[in-house]
Amino acid sequence: AQETLFCIGCGAAIQTTDPKAAGYTPASALKKSLASDAQDLYCQRCFRLRHYNEIVPVDLSDDDFRHLLATIREADALVVYVVDIFDLNGSIIPGLQRFVGDNPVLLVGNKEDVLPRQLRRTKLREWMNQQVRAQGIKPVDVALTSAKKGHAIDDLLALIEKYRRGRDVYVVGVTNVGKSTLINRIIANNTGLKDLITTSRFPGTTLDKIEIPLDDGHKMVDTPGIIHPEQMAHVLSGDDLKLVSPQKEIRPKNYQLGNGQTLFLGGVARLDIVDTHKPAGVVYADNNLTLHRTKTENAENFYTKHVGELITPPTGDAVADFPPLVRHEFKTTEISDVVFEGLGWVTVPAETRVAGWAPKGVDVLTRPAMI
Ligand code: GDP
């Protein structure tokens, strides 16, 4: 049997079978490295980080992640909690408040670029604050960033300096919130990272985490993303997921939805107005997602007939395997958003009975209107 080899960057055991798990190295790269008798063996993730200053995310099991969060509770550190503003509910880490212990939490709302400009940013910060407080987290501050566009990265770094007060920093978040993109921006904005790999050795550890050295000898730790099971990301495949993830600023769309009317959001969700006295509805979703209005009594037939053609995604082969839409009924007491996790939301009036449908495994919920 071959002896276990370790990456000299992160300490993960080298393996050649699972590209998404820690320690992955393509078999060809491993062979080459062994043949050249090189002393320094890197996993693919550390290799990319070293050569391209680029972080590649890895998947961790829930148990490993919980173990890692427990080490945060024991540390004296600032916790930077990254969420996707567009999918706040899908960004929640269950039980985070228990894991952070007494450490301060800086909340970062990423993907700011997709929210409509008319939404006042102070209001947005307050709203985010409220939402995470309901989860038992009291952030010391709220920052808004666009990792993709590189917006407000320096402001974020300044806030981190302000609140860490000479301590370490742990960056946490569920997958898909843009944490890797954000960390890559932070690395790009930081100089003196050439020694990154040698300062981030963990011989024998299996938790793949990356430490970015800070000026004062402290470190910023990028923890692996936890998987939030109810995201749209888990029912749509790569190309279809791209079709529903907003890439640009969302243009809200107005629909006068009355009783007995249904609006399809592509083939991935639908909203039925069961009972309202004020026809209305504003859709916040990707600009290119096709919206289709029909009578609720015809909706079922319409869907079966047109999914994958007139209403997409899903597309192609994905149509046959696509989970059935499941109905969730609500009665609003105030003007509210009916949120389809990871897809967007529809704002409906107070005192309205609605049904939101989403693929089995994707949550639908209501909240007081964001805008
Ligand atoms: P991670 O799983 O949290 O590390 O997320 P990634 O960094 O891999 O990003 C997930 C997806 O979100 C990718 O498709 C990114 O291009 C996209 N993304 C990341 N940051 C932003 C952002 O600021 N704005 C927008 N619109 N998309 C982003």
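Is K111 buried or exposed, and how many other C-beta atoms lie within 10 Å? K111 is buried, since 27 other C-beta atoms are found within 10 Å, where a residue is called buried if 20 or more other C-beta atoms lie within 10 Å of its own, exposed if 12 or fewer, and partly exposed in between, the C-beta atoms being placed from the backbone. The phi angle of K111 is near 70 degrees, a positive value in a residue other than glycine, and K111 is placed in the loop between β2 and α5. Helices (H or I, at least four residues) and strands (E, at least two) are DSSP runs, numbered from the N terminus.

The structure is a predicted model, in which local features need pLDDT of at least 70 and side-chain atom pairs count only at pLDDT 80 or more, while totals for chains, interfaces and linings use all residues. Residues are numbered from 1 along each chain as its sequence is written. The average pLDDT of the protein (pLDDT being the predictor's confidence in each residue, from 0 to 100) is 84, and 85% of the residues score at least 70. The scores of the model are ipTM 0.99 and pTM 0.79. Over residues 192-207 the pLDDT stays under 50, and for this segment the model has 30 contacts beyond four places in sequence, two residues being in contact if their C-beta atoms, placed from the backbone, lie within 7 Å.

In the protein as a whole, 10 helices and 16 strands are assigned, and 42% of the 371 residues count as buried. Of the contacts with a separation of 6 or more, 72% are between residues 24 or more positions apart.

Together with helix α5 (residues 121-133), β2 and β3 make a right-handed β-α-β unit, the crossover being right-handed if, with the strands pointing away from the viewer, the path from the first strand over the helix to the second runs clockwise.

Around the ligand there are 18 residues, of which K148, G178, K179, S180 and T181 come nearest; a residue is taken as near a molecule if its C-beta atom, placed from the backbone, lies within 6 Å of it. Helix α7 (residues 179-189) gives the most to this shell, with three residues. The shell divides into four nonpolar, 10 polar and four charged residues, where Ala, Val, Leu, Ile, Met, Phe, Trp, Tyr, Cys and Pro count as nonpolar, Asp, Glu, Lys and Arg as charged, and the others, Gly among them, as polar.

Most residues other than glycine have a negative phi, and most peptide bonds are trans. The peptide bond from T312 to P313 is cis, with omega near -15 degrees, and a cis peptide bond with omega of about 5 degrees joins P313 and P314. P313 lies in the loop between α9 (296-306) and α10 (318-321), and P314 is placed in the loop between α9 and α10. For E351, phi is near 55 degrees, a positive value in a residue other than glycine; E351 is found in the loop between β14 (344-348) and β15 (353-359) and counts as partly exposed, with 14 C-beta neighbours inside 10 Å.

Two further residues can be described by their surroundings. Y255, in the loop between β7 (253-254) and β8 (261-265), counts as partly exposed with 17 C-beta neighbours inside 10 Å, and, leaving aside its neighbours within four places in sequence, Y255 is in contact with L263, G281, V283 and R293. P368 lies in strand β16 (residues 364-368) and is partly exposed, with 13 other C-beta atoms within 10 Å. Not counting residues up to four places away in sequence, P368 touches E334 and S336; the C-alpha atoms of P368 and S336, which are 32 residues apart along the chain, are separated by 4.4 Å.
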